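Me: I would like to learn how to read the features of a structure such as the one shown here, beginning with the whole chain and moving on to single residues. Could we take them one at a time?

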Amino acid sequence: MMTSDHVARSPAHAGSGLSERYTVEIYQTRAEMGRAVAMDVANRMRAVAADKGSVRMIFAAAPSQSEVLEALTALPNVPWDRVTAFHMDDYLGLEAEAPQRFGNWLQEHLFSKIPAATVHRIAATGTADEICQGYAGLLGEAPIDIVCLGIGVNGHIAFNDPPVADFDDPLSVRVVELDEVCRQQQVDDDCFDRLEAVPQQAITLTIPTLMGAGALFCTVPGARKKAAVKAALEGPITTDCPASILRTHPNCTIYLDREAAPHG
């Protein structure tokens, strides 16, 4: 593993007031990376549960998270019974039972394996406004402690693609149009067999919602993510690469395998 700690001010944003503090950890393999993330997340969960009595968490649903969730659900003494779980996005226009729905993916890879106290899934039925308002209400009941997320090939976090990402979004949950790069990623990840089958709209937690959490654990494996990671870590902090905002969070760790590392 190679670890680097960054405490700096982006030269491109000198005077912007965006102070950068984040940690990057690079591992040789996805499996090694997944185990490391899981250990760190579990330790944070234990600490929050001991301090507050409960843990509010948001999970990403994507193949990039598979190794993390597999390792995390296998660890002993994780306080799942004190967890209130959310997920960060889902499609509009898919049937409730569609396996591509992120709530269903998380049910298979996470929720069915843990005795979580409460699981809040983004509703599959109802109007988009009703779904957004209902989920926003649940999220707003108390601060979020932990977010487990990734970075898309276009630099998105959740479904905040570059054309729609807003670092100062006034909403906590919204409907978005998915750009073609994001939709193609779903095909490349073998979630859909063709681009035309990928929904064009989704519901997503906004960037301020994610950034408002106490700790962010961002897992990004694979060579297809290399360019996005490089832009996120080394480019300007801009919605052209929404993940670049992660550098301003006071407690964010970004985990990469060697293939995703900008200079790996």
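Reply: The radius of gyration is taken over C-alpha atoms, and the globule rule to set it against is 2.2 Å times the number of residues to the power 0.38. Please keep in mind that this is a predicted model.

Me: What radius of gyration would a compact globule with 264 residues have, and what does the protein chain have?

Reply: With 264 residues, a compact globule would have a radius of gyration near 18 Å, and the protein chain has 17 Å, which agrees. Along the principal axes, its C-alpha atoms fill a box of roughly 45 × 45 × 35 Å, and 53% of the 264 residues count as buried. The protein chain contains seven helices and eleven strands; among contacts between residues at least 6 apart in sequence, 76% join residues at least 24 apart.

Me: How should I read the crossing of two helices, and at what angle do the axes of α2 and α3 cross?

Reply: An angle under 35 degrees counts as roughly parallel, and one of 65 to 115 as roughly perpendicular. Here the axes of helix α2 (residues 66–74) and helix α3 (residues 102–109) come within 10 Å and cross at roughly 40 degrees, which makes α2 oblique to α3. On the α2 side the contact is made by S66, L69 and T73, and on the α3 side by W105, L106 and H109; by class, that contact has three nonpolar, three polar and no charged residues.

Me: Where is S172 placed, and how does its accessibility count?

Reply: S172 is in the loop between β7 (146–149) and β8 (173–177), and at 25% relative accessibility it counts as partly exposed. Beyond its neighbours within four places in sequence, S172 is in contact with A136, T204, L205, T206 and T209. S172 and L139 are 33 residues apart in sequence, with a C-alpha to C-alpha distance of 8.2 Å.

Conventions
Residues are numbered from 1 along each chain as its sequence is written. This is a predicted model: local features need pLDDT of at least 70, side-chain atom pairs count only at pLDDT 80 or more; totals for chains, interfaces and linings use all residues. Side-chain values use heavy atoms; hydrogens and water are left out. Axes are lines fitted to C-alpha atoms, for helices over the stretch in contact, and angles run from 0 to 180 degrees between N-to-C directions. Helices (H or I, at least four residues) and strands (E, at least two) are DSSP runs, numbered from the N terminus. Angles under 35 degrees count as roughly parallel, over 145 as roughly antiparallel, 65 to 115 as roughly perpendicular and the rest as oblique. Contact means heavy atoms within 4.5 Å. Ala, Val, Leu, Ile, Met, Phe, Trp, Tyr, Cys and Pro count as nonpolar, Asp, Glu, Lys and Arg as charged, and the others, Gly among them, as polar. Buried means under 20% relative accessible area, exposed over 50%, partly exposed in between (1.4 Å probe, protein chains only).
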